[in-house]
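Subject: Structure for your review

Dear colleague,

Please find below the structure that I am handing over to you. My notes on what was found in it follow directly after.

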Amino acid sequence: MPVNTQPALAARNLYFQFGKQPVIRQVSLELYPGEVLAIVGESGSGKSTLLNLLYGTLPPTQGEIQATTPDLGLRPMSELSRQTLRHLQRTAWGFVCQNPRDALRMEISAGGNIVERRMIMGLRHYGQLREEALYWLQKVEIDPARLDDLPETFSGGMLQRLQIARTLISQPALLYLDEPTSGLDVSVQAALLDLLRKLVVTENMAVLLVTHDLAVARLLAQRIAVMRQGEIIEEGLADQVLDDPQHPYTQLLVSSVLPA
Amino acid sequence: MNILEVEQLSKKFVLHLRGGLNLPILRHIELRVAAGECIALVGASGSGKSSLLRTIYGNYRAESGSIRLRNGQDMVDILQSSPREIITLRRHVMAYASQFLRVIPRVSTLELVAQPLTDQGIDTQTAMKRAAEILLELNLPKHLHALPPATFSGGEQQRVNLARAFVGQHPLILLDEPTASLDGHNATAVKNRILHAKKTGRAVLAVFHDPDLVAQVADRQYSIPSLSEHAS
């Protein structure tokens, strides 16, 4: 059984302080190719901060992070140059943030936004770039006729889908999702969840998903880590954490969800 | 050859939101299931039949005992396995059908049933073909295959769930009231699947509500020992 492959991401004993305020305490985790790990917990529990530490945008106060690179395999993040880190973030890794306006270039067309990563990776052929842009627009269910429109003319949900298309086009080995579907209509959310679910399998992506939506976590993730006050207080199989939660806080979290 | 060996298994729920109330669910369960055998779990409602299936599947934790499952030459203890190991065991060794289908929005019935096969690394085309065959065997006609099962009747959804459990040829199949919402005709289809699984050397552990079905498919019954009523 192929259980012993190398992780795509590994963190050991992470601490992060904001001034004197500890935000992340003693977090260790591993994430493997083809796996989705959901990080759940109330707002302010440190979920997004953890994601930023693991993506390399914030340096941890203490602890080590290793992440997968296309050429050298698993590498300590602290040993990567600024340039290398930046390149990895724009090609081999992907980050989908909660507010798409933070990630998109609002002054260039939807199509231009989508293919940016492919251009960074060296693709110059106009026809092929356009074809790929159209392909991804359709994948996220945006009318292909909007290819040349500016993002400014898009609705919030469409902007989020545009951000997802723009990120997934480079087929990142490591994908970070920060509440990716929280602002979307349920029909669009379902389409995106289905898309992500398939890509994880076909592209063998490793995905770290921050969400407060336990149903989304159950649907997408194999494992769930529950955060509270900067610590992972419970971690396990997704269905086990949700159906037989052990920690008092997890029990509260699970029992507080309104059934649909 | 034993597929499953459960020893001294005890499980309780600790309800922290109820002041740490202890709710014993299973106590000292001893159970063996061999290849080609079907064991029926019996016991009063609330005796822990479904909880036992869930614990074996790794859906529930347990505080003591062992649940050893045959994986090739080895016996692996579910209770000592990591999440990733349990996922691999679910992929290749054990399948479980609960009473209710958990639908994935917008995913077709055929894809849903093919998924256990593609998870095993079988190519999509073969997986889809086998999925269609098993759906037909369970009396789910072709025109339903392309639809997501969200709008299906309870009985249809249950058969989708069972198709998912049977399609992957897992050595151990766990079934929770597989015929609870089925009419006689469809219950017969399920019975035939269970008999077929036995004939091909697989083990079935199931909760049945229908005594006739028990008589027709089960080799033995296992009665869950009753717990003392008081919570400690």
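In chain B, strand β1 (residues 2-15) and strand β4 (residues 64-71) run antiparallel and are joined by five bridges. One of the residues concerned is Leu4(B), whose bridge partner in β4(B) is Leu69(B). Please note that the model is predicted.

These two strands belong to an open sheet of four strands in chain B, with the order β2-β1-β4-β5 and antiparallel pairing. At the edges stand β2 (21-34) and β5 (74-77) of chain B; each has a single partner strand, so one side of each is left without a neighbour in the sheet. On average, neighbouring strands of the sheet are turned by 25 degrees against each other, direction ignored.

Is Thr55(B) buried or exposed? Thr55(B) has 26 other C-beta atoms within 10 Å, and the cut-off for a buried residue is 20 or more, so Thr55(B) counts as buried. Apart from neighbours within four places in sequence, the residues in contact with Thr55(B) are Leu9(B), Lys11(B), Leu26(B), Tyr60(B), Ala62(B) and Ile67(B).

I turn next to the interface. Here 20 residues of chain A are in contact with 17 residues of chain B. On the side of chain A that touches chain B, the elements giving two or more residues are α6 (186-202), β10 (231-237), α8 (238-243) and α9 (248-255) of chain A. Of these, α9(A) gives the most, with four residues. By class, this side of chain A has nine nonpolar, six polar and five charged residues.

Finally, a record entry concerns chain A. An unreviewed UniProt entry carries the annotation "domain: ABC transporter", which covers residues 9-254 of chain A. In the model, that span is 38% helix and 26% strand, and its end C-alpha atoms lie 27 Å apart.

With kind regards

Definitions and conventions. Residues are numbered from 1 along each chain as its sequence is written. Chains are lettered from A and ligands numbered from 1 in the order in which they are written. This is a predicted model: local features need pLDDT of at least 70, side-chain atom pairs count only at pLDDT 80 or more; totals for chains, interfaces and linings use all residues. A residue is buried if 20 or more other C-beta atoms lie within 10 Å of its own, exposed if 12 or fewer, and partly exposed in between; C-beta atoms are placed from the backbone. Two residues are in contact if their C-beta atoms, placed from the backbone, lie within 7 Å. Ala, Val, Leu, Ile, Met, Phe, Trp, Tyr, Cys and Pro count as nonpolar, Asp, Glu, Lys and Arg as charged, and the others, Gly among them, as polar. Two strands pair if DSSP finds at least two bridges between them. Axes are lines fitted to C-alpha atoms, for helices over the stretch in contact, and angles run from 0 to 180 degrees between N-to-C directions. UniProt positions are given in the numbering used here, feature names are shortened, and annotations may be inferred rather than shown by experiment.
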